[in-house]
Amino acid sequence: MMIYGEGIRFRGIEQSDLVSFVTWLNDPEVREGLAMYLPLSMADEQDWFEDLQKRPPEERPYLIEVQQDDNTWVGVGNCGFFNINWRIRSAEVGIFIGEKRFWGRGIGTKVMRLLIQVGFDTLNLNRIRLDVYDTNPRAIRTYEKAGFVYEGRQRQGMYQNGRYVDVLQMSVLRSEWEEGNAGASRS
Ligand SMILES: CC(C)(COP(=O)(O)OP(=O)(O)OC[C@H]1O[C@@H](n2cnc3c(N)ncnc32)[C@H](O)[C@@H]1OP(=O)(O)O)[C@@H](O)C(=O)NCCC(=O)NCCS
């Protein structure tokens, strides 16, 4: 089953997607916003893929696909939930778009809105949170547009490019999302 949004969809990650992941995740500009800091090999990616199958299904990331003008779908990155706590009904989310020509077209915002919808309407979560580096204004803006609010700052919580960077904590609560969507489209 695929999860459909407006011009985007999520599907399971296949073995044949791994080559794209290695290309995307070895791009310094893509990796800048992520926790990775070493070159990624096909063997590393294969290990990651095999570990995925051992994770609970709800914690397996999705491949993000974008609908093109000719109605075909193209893979652009991944997103998903992790660290789900079923008692507190909270989870973390993550996203990257590896195809940089798709940056700045509103896709990240649509992906985050669809993830929030899946989190609340399908997984029945109550709180969705994420971490983002203070040096990543594009991602911060994307999360704000999708409905995340700033809730804290881990001072010097990350080290990259020779300096310490603050890590911002953002979250969205189910009540906020329901309020924001009252009478509006949820896509
Ligand atoms: C972060 C990411 C998911 C955003 O996706 P996207 O499709 O480019 O985002 P959108 O087009 O929906 O929105 C980007 C917003 O940031 C704004 N923006 C871009 N660069 C900016 C900058 N330097 N300063 C402030 N805002 C900026 C855009 O103008 C847009 O806001 P607007 O619609 O109000 O104009 C994507 O760029 C990405 O995957 N980056 C690499 C990996 C990464 O950093 N992941 C996040 C880890 S926390």
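The structure is a predicted model, in which local features need pLDDT of at least 70, side-chain atom pairs count only at pLDDT 80 or more, and totals for chains, interfaces and linings use all residues. Residues are numbered from 1 along each chain as its sequence is written.

Helices (H or I, at least four residues) and strands (E, at least two) are DSSP runs, numbered from the N terminus. Eight strands form an open sheet with mixed pairing, in the order β1-β2-β3-β4-β5-β6-β8-β7. At its edges stand β1 (3-4) and β7 (149-160), each with a single partner strand, so one side of each is left without a neighbour in the sheet. Two strands are said to pair if DSSP finds at least two bridges between them. In general, strands of a sheet pair through backbone hydrogen bonds, either parallel or antiparallel.

Both senses of pairing can be followed here. β1 and β2 are antiparallel and share two bridges; Tyr4 has Arg9 in β2 as its bridge partner. These two strands form a hairpin with three residues between them, and Gly7 in the turn has a positive phi of about 75 degrees. By contrast, β5 and β6 run parallel and are joined by three bridges, with Arg129 in β6 as the bridge partner of Glu92.

Helix α4 lies across β1, β2, β3, β4, β5, β6 and β8, and runs at about 155 degrees to β5. Such angles run from 0 to 180 degrees between N-to-C directions, the axes being lines fitted to C-alpha atoms, for helices over the stretch in contact. Two residues are in contact if their C-beta atoms, placed from the backbone, lie within 7 Å.

The core comes next. A nonpolar core is a set of buried Ala, Val, Leu, Ile, Met, Phe, Trp, Tyr and Cys residues joined through C-beta atoms within 7 Å. A residue is buried if 20 or more other C-beta atoms lie within 10 Å of its own, exposed if 12 or fewer, and partly exposed in between, with C-beta atoms placed from the backbone. The largest such core has 33 residues, and Ile64, Val111, Leu115 and Ile116 have the most contacts inside it. Its largest share, eight residues, comes from α4. Leaving aside neighbours within four places in sequence, Ile64 is in contact with residues including Phe10, Val76, Ile97 and Val111.

A ligand is also present. It is surrounded by 21 residues, of which Gly33, Gly108, Thr109, Pro137 and Arg141 are the closest; a residue counts as near if its C-beta atom, placed from the backbone, lies within 6 Å. β5 (90-97), α4 (107-122) and α5 (137-146) each supply at least two residues of this shell, and α5 gives the most, with five.

Two backbone details complete the account. Most residues other than glycine have a negative phi. Asn83, although not a glycine, has a positive phi of about 50 degrees; Asn83 lies in strand β4 and counts as exposed, with 11 C-beta neighbours inside 10 Å. Arg89 has a positive phi near 60 degrees. Arg89 is placed in the loop between β4 and β5 and is partly exposed, with 16 other C-beta atoms within 10 Å.
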